[in-house]
Amino acid sequence: MEKTLKVEKQKRSAILSQTVKTGIIKSNLVPMFAGLTLALYTYDIDPGTKLLDVLYALIGTILVIGAAGTFNNVYDRDIDAIMERTKNRPTVTGEIDTKFAITLASIMAVLGIIALAFTTPLAALLGFLGLFFYVVPYTMWTKRRTIYNTEVGSISGAMPPLIGWAAMTGTLAHPAIAALFIIQVIWQMPHFYAIAIRRHDEYKAARIPMLPVVKGVKRTYTQTNIYLVLLSLTSFLFLPLSLGLTLVALLMNVGWLVLSIYGYKKNKDSEKWAKLLFIYSLIHMTILFSTVIVYSLVGIFILN
């Protein structure tokens with residue numbers, strides 16, 4: 001009996017996790033903390049005075065991203081049913097009731113924005129804008145209509161570092177946070193292009209106009225490299241703050257560009273090339289934003 005209850009509890013937990021997209025929540029907390037810790041360091045703020053704000057920023061970010069993911073799952077359940085990687089989502093299989101999912105997302109959205117408002121009004125506004133851009137302009141308007149859906153979605157995807165920074169300072173008037181935001185925006189294009197190539201047939205079946213589906217791999221390769229060149233140039237946005245961060249960003253960004261060019265020429269199989277880029281994109285984000293966090297924490301420790 002006890003074992004059955006435990007299994008049932010684990011199943012419910014898994015359903016909830018898939019519904020709110022905990023994987024996306026976790027991956028977005030890294031850039032959020034990068035923005036948060038960099039703000040503390042840049043403005044020489046004593047972390048001890050901001051512990052409650054850090055907690056509210058964490059809770060608010062988790063809830064807002066979870067709400068966005070849930071709304072997305074509900075709205076996309078028709079196309080999710082067609083795609084192999086999404087066909088087992090609880091909103092598709094019926095393991096979670098649609099009305100319940102909408103109610104859950106709404107409650108999470110409200111509580112998340114309120115939590116962020118306990119830090120600063122700007123953080124709450126950014127949380128709302130991130131949620132809005134993901135649900136309306138991206139999910140409802142552009143995802144099924146244009147190859148530029150990735151660019152539109154990148155705005156919401158780049159909100160976490162802004163939220164973390166704003167939660168600590170109440171302002172965005174500094175080039176350092178502009179660097180994090182711009183890098184996060186541009187990073188998403190080659191990352192999601194790689195996913196779209198690997199899942200080409202699924203996106204085509206679901207009639208989602210991803211760039212590789214509509215324009216082909218060669219156009220995607222060219223556009224990927226253009227974004228990677230721009231990403232490399234953004235490295236210098238860190239220069240007023242830190243030469244070390246600039247060099248790390250430049251190394252990671254140029255490395256991605258070299259891998260793209262070399263991997264494309266070496267691999268006739270576009271999926272292998274896309275897999276290389278996808279894996280590197282995850283390594284890139286982890287190393288770059290973790291470096292920002294470590295740099296900021298070390299700086300805070302030395303200053304205090």
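User: How far apart are the end C-alpha atoms of residues 237-264, and what percentage of the span is helix?
Analyst: The end C-alpha atoms of residues 237-264 lie 29 Å apart, and the span is 79% helix and 0% strand. Helices (H or I, at least four residues) and strands (E, at least two) are DSSP runs, numbered from the N terminus. This is a predicted model: local features need pLDDT of at least 70, side-chain atom pairs count only at pLDDT 80 or more, and totals for chains, interfaces and linings use all residues. Residues are numbered from 1 along each chain as its sequence is written, and side-chain values use heavy atoms, leaving out hydrogens and water.

User: What about residues 122-141?
Analyst: That span is 100% helix and 0% strand, with end C-alpha atoms 26 Å apart.

User: Which residues of H14 are buried?
Analyst: Among them are Leu245, Trp256 and Gly263. Buried means under 20% relative accessible area, exposed over 50%, and partly exposed in between (1.4 Å probe, protein chains only).

User: Turning to a loop, where is Ile45?
Analyst: Ile45 lies in the loop between helix H2 (22-42) and helix H3 (51-75).

User: Why does Ile45 count as buried?
Analyst: Ile45 counts as buried because its relative accessibility is 15%.

User: Which residues is Ile45 in contact with, leaving aside its neighbours within four places in sequence?
Analyst: They are Ala39, Leu40, Lys50, Met168 and Thr169, where contact means heavy atoms within 4.5 Å. Met168 is 123 residues from Ile45 along the chain, yet their C-alpha atoms are separated by 8.5 Å.
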